[in-house]
Amino acid sequence: MEHHLLFGLWVLLSGVFVTRVFSKTNAPDVSALNVMYTSLNSPSQLSGWKSSGGDPCGDSWDGIKCSGDSVTEISLSNLGLSGSMGYQLSSLTSVTYFDLSKNNINGDIPYQLPPNAQYIDLSENSFTNNVPYSFSQMTDLQYLNLAHNKLNGQLTDMFGKLPKLKDMDLSFNALTGNLPQSFEKLSGLNNLYLQNNKFTGPINVLANLPLDDLNVENNHFSGWIPNELKGIQNLKTGGNSWSSGKAPPPPPGVHSSGKRTEKGDSTNSIARGLTIAGIALGVLVLLIVIISLFSRKSSRHSSHFYDEERFSQRKSFSLASQELSKDLRSDICKDYKDLRSSSTSIEIASFQKSPSNGGRTAHTSGKKSFNEAEFVNRLNARRSISLRATAHPLGDLQNATANFASGRLLGHGSIGRVYRAKYADGKVLAVKKIDSSLFKGGKSDEFSEIVSNISKLHHPNIAELVGYCSEQGHNMLIYEYFRNDSLHEFLHMSDEYSKPLTWNTRVRIAMGTARAVEYLHEVCSPPVIHKNIKSSNILLDAELNPHLSDCGLGMFHQRTSQNLGVGYNAPECKRSAYTLKSDVYSFGVVMLELLTGRRPFDSSRPRAEQCLVVWATPRLHDSDSLTNMVDPALRGLYPPKSVSRFADIISQCVQTEFEFRPPISEVVQSLMRLVQHSSVNMREDFRMDDYDH
């Protein structure tokens, strides 16, 4: 009898133990929800939720639904939640329904969201900044609601791969710029709400969408409402700057939406064109007769000069028109190219003159200078600079930097110095003061070309140019200031009291940086080679998202005796043969820094370990050596499979022969597979946020 009782007790205890140890929910989902809970300030209203461990599916956490061991729905609407959503949502690969609407969540919408979501509602919160480009990869998305937030900036061309999207609501934000061209690829879109934003330009890209509801009220749209949209039953267009009168006919063979018509329409257009051409020819003949009669009354001498001058002017006008047309086509083709249907398109807009300095002449200092109006005119002539970069007076920058005091110095490189500019209203900017000796003959028109080119670069992971200054021989670029400084500072300058980056954050930094390089290499046309990719040029925002700086300044690295920092240069750079694959090599070195925590070159180490690539490369495919290479600051808190895959990507990037290195787009895909397929999470008894802020 006693044995039976003992056996029964053992079975009962075993059952409890098994239940405790073997959670029903898979580990990546648990880890992602732990981070989310902590980022939301550990709200008491979320019953069952924990900041570490737990079993969301087995214990029925509030708002969580599962299928098997995977979380499939997160429904947390109208619960008074605050804070942010966390950064590990991409691990929730089975989530199809994601609703955090009607809360008080703030900050940026995370760059990575549940990748296979079909329904996303983040409306009525306090999200700021841009709509993240990662939506471009969510090919199953059917419903997207970001209304009633504080989103701003331009929409990038992220809609080319979302044919399943039926409902989209971006209303009541502060979004600006023209509608991206990829809107026309939303072939399944039935309901679109864009009201109460600051959108500009025409809405022709919407003309051929199967819309039932369209609201574009209270924006800054202009032009004419396409005829194709006027049949929509629920159409609201008030509060815009529509052109009055009848819309002009489209070019021959083109609908009002901008698309080429069928052959029959084209034939009719050609016939109409020939008729107009005939009338124009008749008028021209009549004018020639009148001019001929008039010329006979004038002296031969004067007639000769008049005709020659008139012919010269007509010829010049004709050539100028051809050149203008050619230049415009060149700019448009040069600025943007959608290579992979997921590329970011940059709006091409005419540069508007900012208030000038009243036409006063700038003081000279041995170099040719231009006042603000002249400089803006040079930019205006290029016809393609973004409206975001604005002129900053030299006097204001001198005040904000305490006359470029050493105490405001943030860094010093081969191009120049970077200073922190702090304004009276609390705004802080970073000012890059470019060494004037880098300009050939000190010509400011060369600087205007640089500003024009950099202003075309818009990507969530690229440091945005917000302004410039070209006065009295000074040439400065002005960027957003990132308080968390650079990746170099985090990895190599932290003291023992600092909190190291977690493995997840390191992977996220690598992913964001790779996407920035992919944008430069494969979206920009012609491709932009960075030529200076290193950890000190990867700036980190408040949520430790990466922003690649120094983009568009590659031209200077051909003129300086220094190129990249020691350890970042690809072998071919010694022969001055810098290519796109050289950037891939430098990025591979940055990934090695993230993996090992070591500097690219460290003279304090034994000779065999001084060059990071030389020391690390043979060890990347050996599991024991790889374990010993991982940054000790991680304290062993990383998933071995993820580290192994990360090492594989590095080994491809730092190949000695550039032909064997993958293009950056393949690197991005490899990192995406790493995130999706690897168990990128920490042990359940470890609070990730302890070392991530």
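**Figure 1. Strands β2 and β4 run side by side in this predicted model.** The pairing of β2 with strand β4 (residues 97-99) is parallel and counts three bridges. Glu73 faces Tyr97 of β4 across this pairing. Strand β2 (residues 70-75) also pairs with strand β1 (residues 64-67), here in the antiparallel sense, over four bridges. Within that pairing, Ser67 has Ser70 of β2 as its bridge partner. Two residues separate the strands of the β1 and β2 hairpin. Gly68 takes a positive phi there, near 65°.

**Figure 2. Six strands form an open sheet.** Their order is β18-β22-β23-β21-β20-β19, and the pairing is mixed. At the edges stand β18 (390-391) and β19 (409-412), each pairing on one side only. Strands of a sheet pair through backbone hydrogen bonds, either parallel or antiparallel.

**Figure 3. Strand β21 pairs with β20 and with β23.** Strand β20 (residues 416-422) and strand β21 (residues 428-434) are antiparallel and share seven bridges. Arg420 stands opposite Ala430 of β21. The pairing of β21 with β23 is antiparallel too, over six bridges. In that pairing, Leu429 has Glu480 of β23 as its bridge partner.

**Figure 4. Strands β22 and β23 form a hairpin.** Strand β22 (residues 465-471) pairs with β23 in the antiparallel sense over six bridges. Tyr468 is partnered by Leu477 of β23. The turn has two residues between the strands, and Gln472 in it shows a positive phi of about 50°. Is strand β23 mostly covered or mostly uncovered? Strand β23 (residues 474-480) is mostly covered, with five of its seven residues buried.

**Figure 5. Helix α10 is largely enclosed.** The helix covers residues 580-596. Of its 17 residues, 16 are buried, so the rest of the structure largely encloses α10. How far apart are the end C-alpha atoms of the helix? They lie 25 Å apart; at 1.5 Å a residue the helix should span 24 Å, so the two values agree. Thr579 caps the N-terminal end, with a side-chain oxygen 3.2 Å from the backbone nitrogen of Lys581. Gly597 follows the helix and has a positive phi, near 75°.

**Figure 6. Lys432 and Asp550 form a salt bridge.** Their side chains meet at 3.0 Å, N to O. Lys432 belongs to strand β21 and Asp550 to the loop between β25 (546-548) and α10, so the pair ties together parts that are 118 residues apart in sequence. Lys432 counts as buried because its relative accessibility is 10%, under the 20% cut-off. Asp550 counts as buried as well, at 6%.

**Figure 7. Glu572 and Arg661 meet in a salt bridge.** The N to O distance is 2.8 Å. Glu572 sits in the loop between β25 and α10, and Arg661 in the loop between α13 (640-653) and α14 (664-677), so the pair ties together parts that are 89 residues apart in sequence. Glu572 is buried, at 2% relative accessibility. Arg661 is buried too, at 2%.

**Figure 8. Four residues are linked in a network of salt bridges.** Which residues take part in this network? They are Arg598, Asp602, Arg605 and Glu609. The side chains of Glu609 and Arg605 meet at 4.0 Å, N to O. Glu609 counts as partly exposed at 25% relative accessibility. Arg605 is also partly exposed, at 28%. Side chains of opposite charge can pair when their charged atoms come close. The structure holds seven salt bridges.

Terms used:
Residues are numbered from 1 along each chain as its sequence is written. This is a predicted model: local features need pLDDT of at least 70, side-chain atom pairs count only at pLDDT 80 or more; totals for chains, interfaces and linings use all residues. Side-chain values use heavy atoms; hydrogens and water are left out. Two strands pair if DSSP finds at least two bridges between them. Buried means under 20% relative accessible area, exposed over 50%, partly exposed in between (1.4 Å probe, protein chains only). The expected span of a helix is 1.5 Å times one less than its number of residues. A polar contact is a pair of N or O atoms within 3.5 Å; within protein, one must be able to donate a hydrogen and the other to accept it, and residues adjacent in sequence count only if both atoms are side-chain atoms.
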